[in-house]
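Please keep the sequence and the 3D view at hand while reading.

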Amino acid sequence: MFGPEAKSSLPALEAAMKLLASAKRHGNPRLILIGVIESMVPQPMTRLAQYFRTKIDELVQDEAGSTLRFRTSLHRHVAIQEAATAKQTLFEYAPSHKAVDQYRRLVAEIDERISRVEKAQSTGQGMVVNG
């Protein structure tokens, strides 16, 4: 039905979630997952990519049942490969490229979630990260 990546990506995500739960139970009870970054997303969005997005949303949720997938996705861009070939960061190679904007938006989202976690921890609230 789907390509070979469908056979490995979802079981790997499920295994990672089990590993995180085990680490939390047996080693670090304060461990939390603040989010999942969706990368190499094709444009336009394929059925396979939409399928993976739906599965991520089902498998990776906070305590309130909201997805932990970041709203900002990182799409496939040739400029990313070109920058690596040129031994430059994307920010150096193509500072006005739309991929740079995606990375900046993602960083802002990560920063926002970290702030929520810190606020929840300081006030003793639950750990709803994406609420």
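With a relative accessibility of 46%, E58 counts as partly exposed, a class that lies between buried (under 20% relative accessible area) and exposed (over 50%), as found with a 1.4 Å probe on protein chains only. The structure is a predicted model, in which local features need pLDDT of at least 70 and side-chain atom pairs count only at pLDDT 80 or more, while totals for chains, interfaces and linings use all residues. Residues are numbered from 1 along each chain as its sequence is written, and side-chain values use heavy atoms, with hydrogens and water left out.

**Overall layout**

The chain holds 5 helices and 0 strands, where helices (H or I, at least four residues) and strands (E, at least two) are DSSP runs numbered from the N terminus. Of its 131 residues, 30% count as buried.

**Salt bridges**

Side chains of opposite charge can pair when their charged atoms come close. A salt bridge is taken here as a side-chain nitrogen of Lys or Arg within 4 Å of a carboxyl oxygen of Asp or Glu, and by this rule the count comes to 7.

K55 and E58 stand 3 residues apart in helix α2, which separates them by about one helical turn, and K55, at 27% relative accessibility, is partly exposed. E112 and R116 are likewise about one turn apart, being 4 residues from each other in helix α5; E112 is partly exposed at 35%, as is R116 at 26%.

E109 is buried, at 5% relative accessibility, whereas R71 is exposed, at 56%.

**A buried arginine**

A polar atom of the R113 side chain does lie 3.4 Å from the backbone oxygen of R69.

**Backbone in the loops**

Most residues other than glycine have a negative phi, and most peptide bonds are trans. In the loop between α1 and α2, M40 has a positive phi near 60° and is exposed, with a relative accessible area of 55%. P44 is found in that loop as well, and the peptide bond from Q43 to P44 is cis, with omega near 0°. K87, in the loop between α3 (78-85) and α4 (90-93), has a positive phi of about 55° and is exposed at 75% relative accessibility.

**The largest pocket**

A pocket is an open set of points on a 1 Å grid over the protein atoms alone, where a 1.4 Å probe fits, with protein on both sides within 12 Å along at least five of seven lines, and its lining residues have an atom within 4 Å of a point. About 390 Å³ of space lies in the largest one. Of its 17 lining residues, the closest to the centre are S9, E38, S39, F52 and I56, and the elements giving two or more residues to the lining are α1 (5-26) and α2 (47-59).

Key. A polar contact is a pair of N or O atoms within 3.5 Å; within protein, one must be able to donate a hydrogen and the other to accept it, and residues adjacent in sequence count only if both atoms are side-chain atoms. Grid points are joined across faces, edges and corners, and a volume is the space filled by probe spheres set on the points.
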